[in-house]
Amino acid sequence: MDKPIINVLGGSSRKPPPVWLMRQAGRYLPEYRALRERAGGFLDLVYNPELAAEVTLQPIRRFGFDAAILFSDVLVVPHALGQSVTFAAGEGPLLEPISDRTGFERLTSDIDHGILAPVYETVRRVRTALPPAVALLGFCGAPWTVATYMVAGRGTPDQAPARLFAYRDAAAFDVLMDVLVEASASYLVRQLRSGADAVQIFDTWAGALPPAEFARWCIAPTKRIVTMVRSQVPGAKIIGFPRGAGSQLPRYVVETGVDAAGLDWMIDKDFARERVQSTVPVQGNLDPLVLLAGGVALDRAVDAVMEAFAERPFIFNLGHGILPETPIAHVEQMLKRVRGS
Ligand code: CP3
């Protein structure tokens, strides 16, 4: 059966456009918070196929989105490479920081698919449970974004530790990127073989890189992942989301070979339509804060996104993840406006 999102990724337009939201399985949903409490730690939930499948399906049942996104996290890759990763309540992720070359020499260069086996099982369960028209998206973090957490040991406002590491010892940083390229590509291949219909590469911190470093640490590794995945899964559909890429986005799209580009909420819509959507389908780009705000501002912002992009291949989404404080009623208002229902 036809999956609207997969058709759009293949270059056709749909009216109204298909829609899903980044981080749609998460804390803004009361049913997620209830299940999260039962599971214990965040990683216990991620590595429990029964509960992770349930969380993946929650937003589909409630809102009828056109895609489900696998419930997992970008940081399971460093975890499966042997780095310690924990999620402390209210603090976000904590990793054992890697401050120099010896730090990641301790990591294995082969991803442990045994640790990730429950994630692949989640993919299989969700694909079986989903209505056929709903796409299942797998994902990974881009090597640069994952490296920012691996080096700093936590989220940072400006990704300074990873940027410093890369400037001080580019050769060592290249080794880390190589490990992440291989690991991420084989992680995506397993997700696709387990039943994911397409995958997204999240480069949340791409915008912290100046143009030369953007080419080296964002574009080049992403391009290698795209090539490796397609060599093992011919025709694999891949969405790239280099948040904050701005004027570098047209180059990112052409050089990486992704099938579609995720647009953040900051990008100029005319620029994105003329310089990005002219080449590939786009996805985005409602400001998550206007979804939180609601009201007339939300209607206007939805209309502006639709006017900019809905004439050509387009997937409606946010410009970054949904915020935990977002009222359910605002998501419903947004969906009505997009679908004209
Ligand atoms: O609904 C979905 O999108 C599915 C699952 C998903 C999660 N994280 C679950 C999650 C996805 C696609 C991600 C991606 C992710 N994780 C990224 C890239 C995209 C982005 O949002 O920037 C990054 C950088 C991470 C790393 C991460 N995981 C951080 C920084 C945090 C803490 C901050 C936060 O948003 O909570 C997490 C935890 C996390 N990942 C939660 C969820 C639902 C919250 C954990 C909880 O329930 O306590």
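Biologist: What share of the 341 residues in the chain is buried?

Modeller: Buried residues make up 57% of them. Keep in mind that this is a predicted model.

Biologist: What radius of gyration would a compact globule with 341 residues have, and what does the chain have?

Modeller: The globule would have a value near 20 Å; the chain has 19 Å, so the two agree. The C-alpha trace spans about 55 × 45 × 40 Å along its principal axes. As for contacts with a separation of 6 or more, 74% join residues 24 or more positions apart.

Biologist: How many helices and strands are there in the chain?

Modeller: The chain has 16 helices and nine strands.

Biologist: In what order do the strands of the open sheet stand?

Modeller: Seven strands form the sheet, in the order 1-4-5-6-7-8-9, with parallel pairing. Strand 1 (67–69) and strand 9 are at the edges; each has a single partner strand, so one side of each lacks a neighbour in the sheet. From one strand to the next, the twist averages 25°.

Biologist: How many bridges join strand 5 to strand 6?

Modeller: Five bridges link strand 5 (residues 198–203) and strand 6 (residues 238–242), and the two run parallel.

Biologist: How do I read the two faces of a strand?

Modeller: Side chains in a regular strand alternate between the two faces of the sheet. Take strand 9 (residues 314–318), where five of five residues are buried. Phe-314, Phe-316 and Leu-318 lie on one side, Ile-315 and Asn-317 on the other, and both faces are covered. Strand 9 pairs with strand 8 (residues 282–286) in the parallel sense over five bridges. There, Gly-284 stands opposite Phe-316.

Biologist: How do I describe two packed helices?

Modeller: Use the angle between their axes and the distance between the axes. For helix 7 (residues 113–129) and helix 10 (residues 170–194), the axes come within 9 Å and cross at roughly 35°. The crossing is right-handed. Helix 7 contributes His-113, Leu-116, Val-119, Tyr-120, Val-123 and Arg-124 to the contact; helix 10 contributes Ser-186, Tyr-187, Arg-190, Gln-191 and Ser-194. Five of these contact residues are nonpolar, four polar and two charged.

Terms used: Residues are numbered from 1 along each chain as its sequence is written. This is a predicted model: local features need pLDDT of at least 70, side-chain atom pairs count only at pLDDT 80 or more; totals for chains, interfaces and linings use all residues. Side-chain values use heavy atoms; hydrogens and water are left out. Buried means under 20% relative accessible area, exposed over 50%, partly exposed in between (1.4 Å probe, protein chains only). Helices (H or I, at least four residues) and strands (E, at least two) are DSSP runs, numbered from the N terminus. Two strands pair if DSSP finds at least two bridges between them. Axes are lines fitted to C-alpha atoms, for helices over the stretch in contact, and angles run from 0 to 180 degrees between N-to-C directions. A crossing is left-handed if the near helix is turned anticlockwise from the far one by less than a right angle, and right-handed if clockwise. Contact means heavy atoms within 4.5 Å. Ala, Val, Leu, Ile, Met, Phe, Trp, Tyr, Cys and Pro count as nonpolar, Asp, Glu, Lys and Arg as charged, and the others, Gly among them, as polar. The radius of gyration is taken over C-alpha atoms; the globule rule is 2.2 Å times the number of residues to the power 0.38.
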